[in-house]
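Hi everyone, thanks for making time. I'd like to walk you through a structure piece by piece, so please have the viewer open.

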Amino acid sequence: MAFGQAAFRGYHPDLASGDLWGVILINPSAPTGIATVASVTIELDLPPGVEITGYERHQDGHGFGVRWPLPERCRCERCGHEDRAHIEFKTSPQAIRDLDVWGQPSFWIYQAPFHRCARCDYRQHLIPPFKRKDTAYTYRFEQFVLRSLIGSTAEDVARRLGISAETVERIVENQLAEERQVDLQRVITDIGLDELSLKKRHRLYVTLMTDLSDPARPQILAVARGKDTAAAQKCLDLLSEEQRQQVRTHRVDMGSAYPAACAERLTNSRAVTDRFHVAKKFNEAVDALRKK
Ligand SMILES: [Zn+2]
């Protein structure tokens, strides 16, 4: 992937903490004498199977053409007929919001595939593995929104990301409705429990459990309605007993119901009392990028 130097302004090491995309490399091996051309390598952290096919500017952000393996066989949602996939593509491209790159929104662009049933002619969408049905953003953008909500209101997050507050709330509802499981092989040494507070009128509280074992890559493990002991336990109980024993530290709001729940469930873990530390740093980094 190569494009002109105007597309970027050098390497920003300070982006690394808020940049969930992993490493940005700039390859300085442009031919000598052609100072205006540089080769840029963006190492994207992609879900398994997803490939980048191209790059273009998209509005004020970045557009990445993507593709992913399509099924060989399909079962018709309407008549139940199972057959080899008869795949067709929508002619107009679809742009799906993904994480920010260099403080600017990025989009995954593709032509939506669908399967046409040979028996009843019904067209059914083949939903990409990186997003849910009827949404215009990736799963990991949803997670990014959730983490951005720690210590922020839906309105602030919406403004920062250039989406509506309704979209933020819809993402939270989608995440709450999801049946989550934690990979029982996963080794988790550091956990964060945070409360989100949404909707001014009918207050909605949500508990977020995050794997902070790799501080540069926080991973949401659980999302539960409420901010009480039951909500905390519901999150912690997604871990096996063995996993709970492996947790060494937890970062929680000391004024909440979380410390007691952690003391009971995470018997080898000690509380780290830097409440809001991670969340605040995270949001500050995002704000700093926005202001640039
Ligand atoms: Zn059919």
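Let me start with a question: is Ala-224 buried or exposed? Keep your guess in mind while you find the residue, which sits in strand β12. This is a predicted model, by the way. The answer is that Ala-224 is buried, because 23 other C-beta atoms lie within 10 Å of its own, and the cut-off for calling a residue buried is 20 or more. Who are its neighbours? If we skip those within four places in sequence, Ala-224 is in contact with Val-206, Thr-207, Ala-231, Lys-234 and Cys-235. Take Lys-234 from that list: 10 residues separate it from Ala-224 in sequence, and the two C-alpha atoms are 7.1 Å apart in space.

Now zoom out for a moment. The chain has 292 residues, and 27% of them count as buried. There are 7 helices and 14 strands.

Let's follow some of the pairing. β10 and β13 run parallel and share 4 bridges; in that pair, Leu-193 has Val-252 of β13 as its bridge partner. On to β13, residues 249-252, and β14: they are also parallel, with 3 bridges between them. Here His-250 is bridged to Ala-271 in β14, while Arg-251 stands opposite Val-272 in β14.

Together, β13, α6 and β14 make a right-handed β-α-β unit.

Which residues of α6 are buried? They are Tyr-258, Ala-261 and Cys-262. Seen down the helix axis, these buried residues fall within an arc of 100°, so they line one face of α6. As for what covers the buried residues of α6, the list includes β10, β13, β14 and helix α4, residues 229-236.

Let's compare notes with another helix, α3, which spans residues 165-177. It has 13 residues and reaches 19 Å from its first C-alpha to its last, close to the 18 Å expected at 1.5 Å a residue. Its buried residues are Val-168, Ile-171 and Val-172. They cover an arc of only 100° around the axis, which puts them on the same side of α3. What do they pack against? Their partners are α1 (139-148), α2 (154-161), β10 (190-198) and β11 (204-211). Turn to the face away from that buried side, and you will find the exposed residues Glu-166 and Ala-177.

One more residue in α3 deserves a look: Ala-165. Ala-165 is partly exposed, because it has 16 other C-beta atoms within 10 Å, and that class lies between the exposed limit of 12 or fewer and the buried limit of 20 or more. Not counting residues up to four places away in sequence, Ala-165 touches Ala-154, Glu-155 and Ala-158. Leu-198 is 33 residues from Ala-165 in sequence, and their C-alpha atoms are 9.9 Å apart.

β3 runs antiparallel to β4, residues 61-67, with 7 bridges joining them. One of the bridged pairs is Ile-52 with Val-66 in β4. The two strands form a hairpin with 2 residues between them. If you check torsions, look at Gln-59 in the turn, which has a positive phi of about 50°.

Definitions and conventions:
Residues are numbered from 1 along each chain as its sequence is written. This is a predicted model: local features need pLDDT of at least 70, side-chain atom pairs count only at pLDDT 80 or more; totals for chains, interfaces and linings use all residues. The expected span of a helix is 1.5 Å times one less than its number of residues. The arc is that of the directions from the helix axis to the C-beta atoms. Two residues are in contact if their C-beta atoms, placed from the backbone, lie within 7 Å. Two strands pair if DSSP finds at least two bridges between them. A crossover is right-handed if, with the strands pointing away from the viewer, the path from the first strand over the helix to the second runs clockwise.
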